[in-house]
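Hi everyone, thanks for coming. Let me put the structure up on the screen, and then we can walk through it together.

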Amino acid sequence: MNGYGSKAQRLVALCLLGFLLFNYPILALFNKAGTLFGIPLLYAHIFAAWAALIGLMALVVERDDS
Amino acid sequence: MLQGWIIVLTSFGYLGLLFAIAYYADQRADRGRSVIASPYIYSLSLAVYATAWTFYGSVGRAASDGVGFLPIYLGPTLMIALWWIVMRKIIRISKLNRITSLADFIASRYGKSALLGGVVTIIAVIGILPYISLQLKAVSNSFTIVLQYPEIIMPAKVGAVPVLQDTALWVALILALFTILFGTRHLDAAEHHEGMVAAIAFESLVKLLAFLAVGVFVTFGIYGGFGDLFTRAAAEPKLAPMLTPLDGVAGGYASWVWLTILSMLAIMFLPRQFQVTVIENKDEKHLNKAIWLFPLYMLAINIFVLPIAFGGRLHFPEGNVDADTFVLTLPMAEQQELLALLVFIGGLSAATGMVIVETIALSTMVCNDLVMPVLLRLRRLRLAERPDLTGLLLGIRRWAIVLILLLGYLYFRLAGEAYALVSIGLISFAAVAQFAPAVFGGIFWKNATRRGALWGLIAGFGVWFYTLLLPALARSDWLPRSLLEQGPFGIELLKPLALFGLAGLDQITHAMIWSMIANVGVYVAVSLISSPTADEHRQASLFVDVFRGEGGGARFWRGTASVPDLYNVLARFLGAGAADEAFREYARLRGRRWPEDGLEADADFVHYVEMQLAGAIGGASARIMVASAVKEEALTLDEVREILDEASQVVVYSHRLEQKSRELEAATAELRAANERLKELDRLKDDFMSTVTHELRTPLTSIRAFSEILLANPDVELEQRRKFLAIITKETERLTRLINQVLDLAKIESGRAEWRVTRVDLREIVGDTLAGMSQVFKEKGIAVETRLAERIPPVSADLDRLVQVLLNLLSNAVKFCAPGRGRIEVSLAERAGFVRVDVRDNGPGISAEDQKVIFEKFRQVGDTLTAKPAGTGLGLHISRQIVEHFGGRLWVESRPGEGACFSFTLPIETVAAAAAAA
């Protein structure tokens with residue numbers, strides 16, 4: 001076993017997704033005036049994406065029993 | 001209730017509680033019932049990442065540039081997703097090699113080099129000093145501020161206070177004492193600090209709860225929730241730009257990205273993170289939960305940072321309150337004494353957690369990788385001959401702790417005032433990031449050499465020193481400011497903040513870019529031009545191939561040793577009790593008893609002793625000690641290569657062997673299946689033979705019986721004789737038909753049948769066949785109805801064979817129709833590329849079970865024992881073979897009592913099919 005099973009690959013994919021979400025240009029799309037439920041758009045995006053990423057990581061890790 | 005004595009008492013009470021927790025956890029660990037062997041405790045202990053920087057500093061940073069504090073937490077979230085690959089490997093390597101610290105890890109990887117270990121230690125200590133000073137600053141500031149209650153007064157400038165009256169100094173000394181009590185009460189062979197980890201996990205809970213309490217109070221107590229707070233901020237002209245903060249900052253996105261990368265590296269290479277993540281790890285599987293729990297912790301502790309920052313800016317619009325203190329000053333301004341006290345304790349938690357783990361990790365490094373290798377080499381001290389060195393080891397660590405904290409305090413006095421908390425911390429982040437190339441390269445790249453790592457580290461650290469540390473000292477006026485403004489000796493290109501003219505970036509991004517270029521560049525270049533020694537080659541292979549699971553390093557040792565010598569070495573560093581325990585354990589693993597049975601001082605044993613020793617004094621020192629106690633024959637590089645090659649040859653061979661045996665298994669399975677199929681065919685043949693002979697005997701019997709009657713009784717009446725002869729003729733015909741069909745079938749099945757394929761018009765065939773049988777229909781009184789489509793495209797088939805199929809189906813239908821009331825319906829249609837023929841009768845129908853078997857050879861509907869079979873039992877089977885030969889399908893649909901409908905389809909001739917047929 002070399003330790004790079006499907007779990008490792010999924011986690012790497014999530015890392016890349018996170019890098020995409022928390023970077024230019026995606027970040028720039030939300031870097032403007034406006035609010036979502038009273039919270040400025042940029043802040044709402046970062047925290048929502050962050051929470052979603054953690055949720056996905058939990059899903060990948062907990063569903064894998066090996 | 002915020003008098004000085006209450007605060008001091010509460011602080012010491014809290015520290016006492018921590019100590020009690022640690023003591024309890026240590027006691028439990030000694031009895032073998034660890035409290036920290038849980039993924040949740042492990043995840044909480046990782047949260048030692050959140051220090052006073054997070055607790056006070058994040059708000060300070062957020063108050064000036066909005067989301068700018070977040071990359072510090074987003075980076076680790078991204079990095080931790082890679083931990084299953086990277087960190088698991090580091091943990092596995094560290095456990096197998098008994099690594100005690102980050103310096104030990106790097107030194108071990110590059111041939112157990114004491115020099116490299118020393119350099120890493122020095123870089124770590126110098127690099128971390130700003131970070132420790134940050135904690136001291138935060139604790140002493142918060143203490144001073146709370147004391148002024150109910151006034152809110154910022155602490156006096158450092159430097160204005162004499163050293164002995166400076167709270168920060170006392171904080172440093174108290175923390176040093178506390179850390180010594182915590183981490184260096186006794187010497188553990190595996191460098192585990194269970195009590196410390198338990199206390200750290202508890203501290204993580206306290207700081208999180210304290211921060212959430214302030215957050216909820218500010219957001220929902222002072223203001224009317226998130227919406228209200230952000231609406232008010234938006235209305236404030238000074239605050240409004242912070243809602244879209246990435247626009248205004250120069251190089252906003254670049255600095256964002258670099259901060260993310262920087263913190264990705266920091267979460268792995270800060271000495272305290274390495275300590276809790278790797279050294280204190282009880283079980284690799286704990287990583288699973290930590291991978292999402294730790295990011296969740298960071299998310300939770302950051303939710304209220306922005307609300308508190310905006311709340312503070314709105315509450316203190318004059319700007320006379322330092323944003324780094326909003327967490328504390330907001331509750332104070334609202335006269336929430338209890339909350340303010342909780343915040344103070346939370347901040348204390350955050351700071352003490354960091355200081356304790358960091359200084360313990362650093363003191364281990366200083367002792368094992370800096371001081372001991374030097375002392376052991378100084379022959380004048382004759383250290384190697386002293387009977388017990390445990391006291392010396394503990395002494396070195398204790399003094400190292402005091403020294404590191406005092407240096408931290410010194411940095412605070414020198415440079416602490418010029419920067420905000422976060423900026424101070426980032427300087428340390430950039431320093432530990434220098435370890436990244438050596439470690440990542442070390443675990444994935446076998447050709448990386450000791451020299452590459454050494455010079456890469458020195459180059460990276462040099463650039464860090466020049467671009468970050470010097471400017472920090474210059475800004476605090478300890479160095480001439482002209483250094484920053486005009487460059488050294490007036491050389492513009494060498495300005496520390498705009499090296500080689502690279503301007504327009506923030507200080508951290510600028511330093512990271514240059515230091516990483518220098519570090520990685522030198523590391524790779526030197527590695528490529530230098531060749532590794534035997535030791536390096538061996539260690540590289542052990543580290544990079546750790547998951548291949550090939551034994552330990554014992555294979556690489558050759559020499560002679562004696563058991564008493566090895567015992568003495570171990571006892572000197574671990575104490576006699578621990579040495580006895582280690583020897584007993586080794587003997588137990590080999591099914592022996594010690595000292596009753598003797599032990600052999602073979603390579604395995606020497607390796608075991610070295611690993612035990614490495615746990616206490618680090619890999620490099622352990623190597624020196626063991627080498628002094630045994631007579632070792634040095635292996636040459638070629639010999640090491642040979643051993644490695646042998647090992648990999650064995651792996652290759654065993655892989656091949658596995659593959660061969662898998663192939664063999666597959667072949668066996670195939671053979672078995674083929675054999676089964678042959679047996680089945682043999683059985684079918686036997687069945688066929690017995691059925692055919694049975695079928696032949698029936699008509700033969702009756703022919704013979706009637707012939708004998710005629711022969712024996714010449715005077716049989718003419719009428720009777722004619723009847724008998726008719727039977728004989730009929731049976732002979734049946735016999736002929738049967739034999740013809742059996743021959744036919746044999747031809748078709750063996751593929752030797754002759755097919756005369758032509759373009760055939762089915763309309764014509766159906767018409768001709770029906771016409772041919774019209775006499776039969778008339779005799780049986782059967783009505784025939786036809787429904788033939790006007791135009792049917794031709795199919796390519798053998799005309800005679802098709803007639804045979806149709807005849808078979810029609811005569812079957814006739815057979816089963818009740819005479820006089822029979823009705824047969826023949827239809828012909830074109831559908832989806834096929835021509836379909838249906839022959840429907842109104843006979844008794846066929847049950848579902850019979851439908852399954854009527855197409856098999858010699859299977860007829862009805863009980864063959866009682867009723868005389870009405871056919872040979874081959875017709876339908878042959879018909880199906882014929883239809884399938886032309887790419888069609890023959891099947892039956894029927895229900896008992898409702899007649900049966902036999903249908904077959906044939907594909908319409910296409911160009912390709914016509915070509916194939918020709």
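Let's start with one pair of residues: Leu828(B) has Val837(B), in E7(B), as its bridge partner. A word on the ground rules: this is a predicted model, where local features need pLDDT of at least 70, side-chain atom pairs count only at pLDDT 80 or more, and totals for chains, interfaces and linings use all residues. Residues are numbered from 1 along each chain as its sequence is written, while chains are lettered from A and ligands numbered from 1 in the order in which they are written.

Back to our strands. E6(B), residues 823–831, and E7(B), residues 834–841, pair in the antiparallel sense over eight bridges. By pairing I mean that DSSP finds at least two bridges between two strands. Helices (H or I, at least four residues) and strands (E, at least two) are DSSP runs, numbered from the N terminus.

Now zoom out to the sheet. Five strands of chain B form an open sheet with mixed pairing, in the order E4-E6-E7-E9-E8. Which strands are at the edges? They are E4(B), 783–788, and E8(B), 889–894, each pairing on one side only. From one strand to the next, the twist averages 15°.

At the E8 end, E8(B) and E9(B) pair in the antiparallel sense over six bridges. Arg889(B) has its bridge partner, Thr905(B), in E9(B). These two strands make a hairpin with five residues between them, and Gly897(B) in the turn has a positive phi of about 90°.

What lies across the sheet? Helix H31(B), residues 799–816, lies across E6, E7 and E9 (900–907) of chain B, and runs at about 20° to E7(B). For angles like this one, axes are lines fitted to C-alpha atoms, for helices over the stretch in contact, and angles run from 0 to 180 degrees between N-to-C directions.

Next, a helix pair. The axes of H3(B), residues 52–65, and H14(B), residues 305–315, come within 8 Å and cross at roughly 65°. Residues of H3(B), including Ser58(B) and Ala62(B), meet residues of H14(B), among them Ile308(B) and Gly312(B). Contact here means C-beta atoms, placed from the backbone, within 7 Å of each other. By class, this helix contact has seven nonpolar, two polar and one charged residues. For the classes, Ala, Val, Leu, Ile, Met, Phe, Trp, Tyr, Cys and Pro count as nonpolar, Asp, Glu, Lys and Arg as charged, and the others, Gly among them, as polar.

Here's a residue I'd like you to look at: Asp26(B), which lies in H1(B), residues 4–30. Is Asp26(B) buried or exposed? Asp26(B) is buried, because 21 other C-beta atoms lie within 10 Å; the cut-off for buried is 20 or more, with exposed at 12 or fewer and partly exposed in between. Asp26(B) touches Glu194(B) and Gly195(B), not counting residues up to four places away in sequence. Asp26(B) and Gly195(B) are 169 residues apart in sequence, yet 4.8 Å apart in space, C-alpha to C-alpha.

For chain B overall, there are 34 helices and nine strands, and 45% of its 918 residues count as buried.

Finally, the two chains together. Their contact takes 33 residues from chain A and 30 residues from chain B. On the chain A side, H3(A) gives the largest share, 10 residues. That side divides into 24 nonpolar, seven polar and two charged residues.

Definitions and conventions. Two residues are in contact if their C-beta atoms, placed from the backbone, lie within 7 Å.
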